[in-house]
Amino acid sequence: MLAWLDHLCDLQNSARHDRKVALEVEDRFVTLSEQQDKLTAAREKYDDFREVPQDFQNHALRRNDKAFTAFRKRCKENAAKKGYPRYKKRVRSLTWSLRKYTKVVRRKTKDAEKQTLRVRENPIIETPFRHNRLKVPKLGEVKIRMHRPLEGDPKEVTLVKKASGWYAHITCELPDTAKVEPTDAIGVDVGTTHYLTTSEGEKEDNPRWYRQAEGLLHKHNQTMARRKKGSNRWYKAVHAVTLHHERTANKRKDFIGKLVYKLFHHCGKHVLVAEDLQTSNMVQNKHLSKSISDASWGIFFTWCGNIAERDGFHVHQVNPKNTSQTCSACGKKSPKKRSLAIRTFDCSFCGTSLDRDHNAAINILLRAACAHRGERWVTNLCETRNLPVDR
Ligand SMILES: [Zn+2]
């Protein structure tokens with residue numbers, strides 16, 4: 001499998017090079033189907049191409065195509081950062097799609113017509129033992145440990161090499177969930193002192209995973225630095241570092257997953273309102289960048305959207321401008337810019353004193369309420385208060 005990954009890495013890089021040359025010399029974009037034809041030709045010619053299943057290679061080309069399509073889109077939009085697809089030093093995953101085949105359903109009575117169904121093959125072979133098996137092309141059956149049963153129709157399998165081992169991601173197709181009728185909404189303000197504050201004033205602590213991990217990471221890095229580069233002991237130390245990073249990432253994802261679930265299911269809210277933050281700009285603040293990257297609000301917002309789509313809930317993102325500078329009771333913006341260090345919001349107009357994040361969360365909720373007033377859910381809030389701010 002490692003040899004496959006090396007091959008796919010080379011393939012992806014040469015596909016990138018192909019496009020780069022075509023763009024520079026002939027000033028044209030190479031399409032995916034052109035490259036796939038080239039791949040088929042190469043498979044007839046070279047032995048090492050034939051040793052790798054074509055499905056993996058196609059997916060590597062597709063991945064490259066995706067990167068270039070996004071790049072072209074950015075060029076058209078004249079984005080500040082065009083982000084030319086990079087040379088990959090290493091590829092960590094391989095994907096293949098599961099084919100559909102025709103299954104004949106047995107006749108129960110003689111008169112009934114033969115029924116045929118188009119189904120996808122199940123990549124999992126269930127066994128009565130501890131390990132189930134996964135069918136991998138050209139390799140055969142591989143022992144796997146299933147952590148949950150498959151739901152829906154399996155479509156694609158991705159094998160990922162991580163520091164702690166190999167993982168199989170199986171993508172399944174599920175029917176759409178009907179949207180729940182929205183009745184109750186909650187606003188959420190994310191921050192670094194507390195991970196988030198809801199519009200009801202509840203706070204969630206920020207576990208600061210990276211800060212926790214830093215001490216041990218430093219130790220591991222020291223060990224690595226002392227050892228001779230390229231030696232076996234050095235590789236062991238490198239592995240320890242990557243494993244440590246993976247664990248930290250797992251902790252973070254575990255927390256975020258549970259938090260999103262809690263917000264939707266335990267609080268009983270159908271609508272979640274959050275800010276539409278531009279994290280890439282925010283990490284440029286050198287005092288906060290580590291904390292902001294560590295909090296990974298990006299994952300939080302994405303997962304909110306994913307879970308909402310899966311379970312039929314609603315998510316709205318509103319413009320975050322001045323949410324922490326405006327009073328949630330009277331709607332007036334404070335004349336002076338309030339620094340992050342001041343944790344309470346004292347309104348100089350109406351005298352309201354609230355927690356800073358709580359105030360911001362209420363503002364976020366109000367903004368969404370104004371945007372959707374009369375459409376889906378009606379609130380008795382004053383519309384003139386939080387006029388939408390142009391970004
Ligand atoms: Zn006020």
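Helix H5, formed by residues 209-226, packs against helix H6, formed by residues 232-266, in this predicted model. Their axes lie 9 Å apart and meet at an angle of about 175°. Since angles over 145 degrees count as roughly antiparallel, H5 is therefore described as roughly antiparallel to H6.

A second feature to examine is a sheet. Strands of a sheet pair through backbone hydrogen bonds, and this pairing may be parallel or antiparallel. Here, three strands form an open sheet in the order S4-S5-S6, and their pairing is antiparallel. Strand S4 (124-125) and strand S6 (140-144) are the edge strands, each of which pairs on one side only. S4 is joined by two bridges to strand S5, residues 132-136, and this pair runs antiparallel. Within this region, Ile125 is found opposite Arg133 of S5.

These elements belong to a protein chain that has ten helices and 15 strands. Its C-alpha atoms fill a box of roughly 80 × 75 × 55 Å along the principal axes. Of the 391 residues in the chain, 19% are buried. Among contacts between residues at least 6 apart in sequence, 56% join residues at least 24 apart.

Key. Residues are numbered from 1 along each chain as its sequence is written. This is a predicted model: local features need pLDDT of at least 70, side-chain atom pairs count only at pLDDT 80 or more; totals for chains, interfaces and linings use all residues. Axes are lines fitted to C-alpha atoms, for helices over the stretch in contact, and angles run from 0 to 180 degrees between N-to-C directions. Helices (H or I, at least four residues) and strands (E, at least two) are DSSP runs, numbered from the N terminus. Angles under 35 degrees count as roughly parallel, over 145 as roughly antiparallel, 65 to 115 as roughly perpendicular and the rest as oblique. Two strands pair if DSSP finds at least two bridges between them. A residue is buried if 20 or more other C-beta atoms lie within 10 Å of its own, exposed if 12 or fewer, and partly exposed in between; C-beta atoms are placed from the backbone. Two residues are in contact if their C-beta atoms, placed from the backbone, lie within 7 Å.
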